Amino acid sequence: QVLSLTYMKGHVAHAGFPEISYGNFANLLCRAGYKVARVEQTETPDMLKVRKKNMPRGAKTPKVVNREVCSILTLGTRTCCFLDDNRVFDENRDVHIGPLLSIAEKPLTDRSAEPTLVREFGVTLVDAPRGWVTIGQFQDDALCSNLQTLLASFGPSEILYQENPNEKEESRTQQTLQSLLKAYRVNSIEPCRIEVVKRSESFPKSTAINPQIRKQLDRANPVRPWDVQDTLNELRRIDYFSTSCDSHGEETKEGRSVESSWPIILQQAIENVTANGLVLQSFGCSLYYLSRNLVAAELLSMGIVNKYDSPTSTFVLPEMVADSSLEYEASISAAGQSAKVDAMSLEGTTLHNLEILASIADNKVAGSLWSRLYHTKTPHGSRMLRAWLLRPLFIKQEIDKRADAVEELACGSAASACDEARRCLSECGDIERLLSRVHSMGGSETNNGVPIAHPSDRAVLYEEATYTRRKVGDFSKVLKGLDRATRIPELFESVDIDSELLKKVVRKVDNGGCFPDMRKELDFYFDNLDLDKCAEGKFEPNRGIDMLFDQACDDVERIRMDLREYKREVSQELCSRGRAEWKYINTDPDKKDKYLIELPASVRVPGDFVMKGKRGSGAKQVNKYYTAVVEDLVKELEQAYDLIQDRRAKGLQLVFAKFDSQRALFEAAASATAILDALCALAQLASFPGYTRPHILEYEGKAIMSFEQARHPCVEGSGTSSDFIPNDLSLGAEGAPERVLLLSGPNMGGKSTLLRQTCIIAILAQIGGFVPAEQCSMTPVDRIYTRLGASDRILLGQSTFFVELSETASALRGATNRSLAIMDELGRGTSTFDGTAIASATIKHLVERNQCLALFATHYHNLLDWGQHPLVRLGHMECMVENEAGGDGSPSRVTFLYTLANGPCPKSFGINVARLAGLPTEVLMEAGEISCEFEKEMNQGSLRAKVEEAIISKDYELVRRLWSQIQS
């Protein structure tokens, strides 16, 4: 049904398709939620005949060629190799391939430090197309706020979690996790698969013929994926990281412990197994799953393990040396990977409410802030910019460094070079993913040449010619992409650059920058490879490509020289005719009985000459001899020839392996181009009309935010920018010391837009970008909290009002005096009095306890009394009212001015919105009359005074009676 195939004739229901269609069909099945097992023939008929001959007497004779499972594809383990249909990823940069996420969870028993934190998570994310692993551990609240942030940031396509435990407390916390994951899957843009991994699992047995290979591929059953010690034992048994490069790009050396070749983050994690138990449990689950799917060696041998940081992180690592500017930028190429740099915290709720990555209306990129920033030319540059957006900077100096680079690219001396660089970047392709593909095509060998027994290395593929063309195509892409990248330093060579960050990105290492000089390495491949011939399968390895091949060639030359020298020495003992007619025969590599010595039968030979045969007769008879010396040299020669043949049979794999051994150099280029691409994208945004560089202020005891003629970048870019009304806003600044803006005004008057644009401008400023305003001055914000919209979470059993309060609770618990909080119509999900009371208490907490900057929009006019507080300023969105409703209840007509003004707004004009929404006229008239009567009664004084007095005295019984009186 998924593939639209029909059953073929036969006793067993089956369907067939061409091998070349595997990639497309596998992708369709994965997206439909299935696991796809790829079974390949790993033996030819000729190999089967040999195996039959060697079978011991009495053993069962095999009848068919051997087959093995070579991979199991799922949504989270697609590596996008040469077998897959990569067109969907290569041609559409918007395609998001979410990582595999493994989650380990336990309830917190000690909550004395922070009572709201009730659980702890260990997480491992595996980005299969790039071979990147990210691990982390953090505490979370009852609503899993931090986990929701991780889900929103990474968008995993497959999630693994532990089976329901027996303990009652753990079972209760896991129910919340299950509901959250189910809700995420339902609301996710891309397909998402969820699987429960048991505490004890069975590992499938290998069907390989060689028992040593089977031993390497199999794991002793039962396997305990969540057991830390089992995980460490498996890592030591296989030693996945022995082929990876260390931080200096050098392969690991013999004589060192197994752990010394592991990525530094993983080494440091196991130094404190007790504290980091959950993160190692989640890593063990991922290792089990990747091993079972036969992609563990391919992915982990990349050797890339990063740290995920959360505001409540409990991942214990030793102190690490601070990175340089370029290394710092590269260290955050996935959201939340750097623990060393403080950054603005954006919760999952905030990302959703501010429409950072997707529009709330249709859950698509169009209309989001990301759609306004997406001006990158490379996929890896796009990922870098997305990471910056999800984790804005917080340190003023770092923000200024990035903004300096953006300004210089946008309107400084580097502007013209920036345009040329963007054209160059557009031809680079996805260098990160291409490097990962070449790594997988380089085969699986450890440093000492011992193969990792992967079934794919033995697979007999009938579309080998097509796959070879794909491999060469990918290799050609990465070579050409890196070749284009080498032009970037040349473009900026004559430019006088002031920005330190930009210098590091575009200057070569020998010129004070970090851009690697890889011209020599690339020229080697361009000079020694004819890619067109390689695509046709016509490839012969040259010297310098493979060390073992070169050594074997050297051995052949040495042995030949030894044979010639032996001839010269021994022939001295022969007669003149013997010296003249000594001849070696069968000297070609494919000949048998190599290097037999031919001499006339009449020539007397030394005693160690053994006659092998003869030809001719009489005076023309020629004898064939061998000696012990020649025999030993020939054996050595045969071994060298076999090694040459073996390395030659590997063909392009040797080229790919050599290229992969230099991966650290090329990864540095990928990092530099990604950073430059992200900076150029921000420079492109800065070139838009009305954008200005924000002035980041030093924090001197109070937070400041001041905008002039600020606009919402997404609303103004929606096609109605000429109609957008900009606004000024000042909080905490000189002349406007208030920290909280209490905002009122008519429905649809622009309050929510003002709230959102304030947060978005802060985010743009702290990623180093320009902002849509005439002037912007602000101190860095450490966290942004949002309480916007009205929606329930039915899959989590949370009502609309509960969602409102949970978002509010998050802000009240976490906001500091350097945070920014926006709240829109808090309390509308319950009765007027309860809502008013909660809203008032929230304002009090924000002003007196959190002391953060806040924008609070409300229709509760009783809250406007807070305007008397010195730290609260009243504001409203202006409007013009025609035919203001009188006693007849006829609806008013309101013209929105969308302008922020000081002071309160007396009415909300909700009936005007009802008119715009198309409610029937009679309903509008009736509502207008009721509203007038209710307002008149409330304004009479006595009842209103009683209500106010009852609220102040906390006489809630009187409040209920008065409310019943009003309703009657």
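**Strand S23 and its surroundings**

Mentor: Strand S22 (residues 820-824) pairs with S23 in the parallel sense, over five bridges. In these names, helices (H or I, at least four residues) and strands (E, at least two) are DSSP runs, numbered from the N terminus. Two strands pair if DSSP finds at least two bridges between them. This is a predicted model, in which local features need pLDDT of at least 70 and side-chain atom pairs count only at pLDDT 80 or more, while totals for chains, interfaces and linings use all residues. Residues are numbered from 1 along each chain as its sequence is written, and side-chain values use heavy atoms, with hydrogens and water left out.

Two positions show how S22 and S23 line up. Methionine 823 has phenylalanine 856 of S23 opposite it, and leucine 820 stands opposite leucine 853 of S23. Between S22 and S23 the chain passes through helix H31 (residues 832-850), and this β-α-β crossover is right-handed. That term means that, with the strands pointing away from the viewer, the path from the first strand over the helix to the second runs clockwise.

Now the strand itself. S23 covers residues 853-857, and five of its five residues are buried, so the rest of the structure largely encloses it. Buried means under 20% relative accessible area, exposed means over 50%, and partly exposed is in between (1.4 Å probe, protein chains only). Leu853, Leu855 and Ala857 point one way from S23, Ala854 and Phe856 point the other way, and all are buried.

The partners are glutamate 807 and arginine 787, with their closest N and O atoms 3.3 Å apart. Because glutamate 807 lies in helix H30 (residues 800-814) and arginine 787 in strand S21 (residues 783-787), the pair ties together parts that are 20 residues apart in sequence. Both glutamate 807 and arginine 787 are buried. A salt bridge is a side-chain nitrogen of Lys or Arg within 4 Å of a carboxyl oxygen of Asp or Glu. Side chains of opposite charge can pair when their charged atoms come close.

The structure holds 47 salt bridges. One of them joins glutamate 190 and arginine 31, with a closest N to O distance of 3.2 Å. Glutamate 190 is in the loop between helix H5 (168-187) and strand S7 (193-197), arginine 31 is in helix H1 (residues 22-31), and this pair of distant parts of the chain is 159 residues apart. Glutamate 190 is partly exposed at 26% relative accessible area, and arginine 31 is partly exposed at 38%.

Another salt bridge, at 3.9 Å from N to O, is formed by aspartate 555 and arginine 558. They sit three residues apart in helix H23 (residues 547-571), so about one helical turn separates them. Aspartate 555 is partly exposed, at 21% relative accessibility, as is arginine 558 at 34%.

For contrast, there is also a sheet with another kind of pairing. This open sheet of four strands is antiparallel, in the order S10-S11-S13-S12. Strand S10 (583-585) and strand S12 (610-615) form its edges, each with a single partner strand, so one side of each is left without a neighbour in the sheet. On average, its neighbouring strands are turned by 35 degrees against each other, direction ignored. Three bridges pair S10 with strand S11 (residues 596-600) in the antiparallel sense, and isoleucine 585 stands opposite leucine 596 in S11.

Note on methods: Axes are lines fitted to C-alpha atoms, for helices over the stretch in contact, and angles run from 0 to 180 degrees between N-to-C directions.
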